[in-house]
Structures are given as C-alpha cells and as structure tokens.
Amino acid sequence: MTCRLAMAGWKTSGTYPFQSPQTITHEDFIHTFVNQSNSHHNGALQTLTFSPSPKKIDSSMFCTRDNIDQCVSYLDQEVTVLGFHSLYSPAINDSTSAGTFDVTKLINCCFDLIQRHQETRRFQEEQENKRIRCDSDFEHLNVTCTRLKEQLEQQQRDNVALVEKERQLMSQIKGLNNKLKTTKEDIKKLDGVNKQRDVQFKHDLKKKEREASKLKERIHQLLTDKNQERRIGTLY
C-alpha cells in the first residue's frame with residue numbers, strides 16, 4: 001500500500017523527512033512516525049518491528065503535534081481507499097497543488113464511520129440474536145428428534161410384539177381349524193353309523209313287529225281251537 005504525501009502547507013525546513021510530495025510505503029510511514037515519536041514517548045516504540053502487513057499501534061501514540069500533517073495525509077489516503085472523499089479541498093488557482101486540508105470533511109468522514117460502525121454493531125447484534133434463536137431452535141429440534149426417535153423405537157418394539165402375538169394367534173387359529181376339521185369328520189362318521197344303526201333298528205323293529213303279529217295270530221288260533229274243543233266236549 002502506498003500513500004501519496006501531497007499536502008498544502010507541508011513544511012520543508014527539516015521538521016519532516018519528506019521535503020516534497022512523494023510516494024512512500026505504509027511501513028515507511030509508520031517507521032517515520034515511530035522515529036519522530038521517540039522523543040515524546042521515551043523510546044516506547046523503539047522495540048517495534050514492521051513486516052509487510054501493518055502492525056496495530058496504540059491510537060494515543062499515532063499522532064503527535066510534530067506529525068499532524070503526515071497523519072492527516074495518511075488518513076486521507078486510507079479513507080480514499082475505503083471509498084470516502086478526500087480530506088483535502090482542491091486548490092482553486094493551482095491545479096498541480098494537492099489542496100488544503102478541510103476539517104469539515106474529516107468530521108463528516110468520522111461521522112460516516114461512526115454511523116457505519118453503529119450499523120455494523122446493530123447488524124452484529126441482530127446476527128447474534130439470530131444465532132441465539134437458531135441455537136435455541138436447534139436445541140428444540142434436537143430434543144424433538146430425540147423424543148420422536150424414542151417414540152419410533154417404542155412403536156417398532158410394539159409392532160414386533162404385535163407381529164409375534166399375531167403369529168401366535170394364527171397358529172392357534174390353524175390348530176383350531178385342524179381340530180374343527182377332525183371334529184367334522186368324526187361327526188360325519190358318527191352320522192353314517194347312526195344312520196346305519198337307525199336302518200338296522202327299523203329293520204329289526206319291523207321284524208319284531210311281524211314276529212309279534214304272527215305270535216298274536218297263533219295265540220288267537222290256539223285260543224280259538226281250545227274254545228272249540230271245550231264246546232265239543234260239553235256237547236258230548
């Protein structure tokens with residue numbers, strides 16, 4: 001990252017190491033800032049080392065009375081990269097001049113940054129609330145899933161028990177059907193035997209009736225013959 005140090009009112013007496021507008025790296029700017037701030041902070045920053053990525057520096061040690069112009073120029077470059085307007089008003093008569101520093105632009109930029117920060121905080125709070133709700137919903141879903149899983153397992157056990165009970169009942173029904181079939185066959189056989197016995201009984205009954213009728217006729221004949229013999233004996 002580079003920073004274009006073009007500022008109105010840049011001191012060229014020796015207060016700053018950059019005597020004219022030039023392009024410096026971010027690390028060069030921070031290194032210059034550290035060197036110029038050593039006298040004001042008792043060498044507190046002498047131990048800082050700089051790598052290609054910018055180091056975080058205490059905001060109270062960033063700007064001093066001796067490097068205000070450099071800091072403003074650095075801030076101008078950073079806010080411009082972020083999409084804000086330059087902190088310098090363009091020169092009216094000299095098109096080659098970098099313009100003069102406009103404090104109202106800095107204030108507006110700070111106000112815009114504050115608004116963005118507040119919007120970011122609100123967005124973060126909304127996201128955090130959403131995350132909390134999602135966590136709560138997720139926990140509720142986990143509890144529900146666990147409960148439904150337990151219910152499903154219980155229903156599966158009940159189904160297994162019902163299937164076994166059904167199998168036992170079907171086996172009992174099959175056994176009863178076999179017994180019923182055997183009983184029907186026995187009843188059928190008994191019906192045949194009963195019919196045969198009934199026929200034989202009727203036949204024997206008719207035979208006995210015939211024999212009884214013949215016996216009655218014989219008895220009647222014998223009685224008749226005996227009465228006639230008595231009458232004949234009486235006559236003689």
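Which side chain meets that of glutamate 128 in a salt bridge? The partner is arginine 131, at 2.4 Å from N to O. A salt bridge here is a side-chain nitrogen of Lys or Arg within 4 Å of a carboxyl oxygen of Asp or Glu. The model is predicted, so local features need pLDDT of at least 70, side-chain atom pairs count only at pLDDT 80 or more, and totals for chains, interfaces and linings use all residues. Residues are numbered from 1 along each chain as its sequence is written, and side-chain values use heavy atoms, with hydrogens and water left out.

Five salt bridges are counted by this rule. Arginine 131 and glutamate 128 both lie in helix α3, three residues apart, about one turn of the helix. Helices are DSSP runs (H or I, at least four residues), numbered from the N terminus. Helix α3 covers residues 103-235. Aspartate 135 also forms a salt bridge with arginine 131, at 2.6 Å from N to O. These two residues, aspartate 135 and arginine 131, are four residues apart in helix α3, again about one turn.

Partly exposed lies between buried (under 20% relative accessible area) and exposed (over 50%), with a 1.4 Å probe and protein chains only.

Another salt bridge joins arginine 167 and glutamate 164, at 2.6 Å from N to O. Both residues lie in helix α3, three residues apart, about one turn of the helix. Arginine 167 is partly exposed at 48%. Glutamate 164 is partly exposed at 33%.

Threonine 146 is found in helix α3 as well. Its side chain reaches the backbone oxygen of asparagine 142 at 2.8 Å. Threonine 146 is partly exposed, with a relative accessible area of 44%.

A positive surface patch is formed by Lys206, Lys207, Lys208, Arg210 and Lys214. Patches are made of residues with over 30% relative accessible area and no salt bridge; like charges are joined within 9 Å, and nonpolar side chains (Val, Leu, Ile, Met, Phe, Trp, Tyr) within 5 Å. Lys and Arg count as positive. The place of a charge is taken as NZ of Lys or CZ of Arg. Lysine 214, one of the patch residues, sits in helix α3. Lysine 214 is exposed, with a relative accessible area of 60%.

Note on methods: Areas by Shrake-Rupley, 256 points an atom, 1.4 Å probe, with all protein chains shown as cover. Polar contact = N/O pair within 3.5 Å; in protein donor to acceptor, adjacent residues only side chain to side chain.
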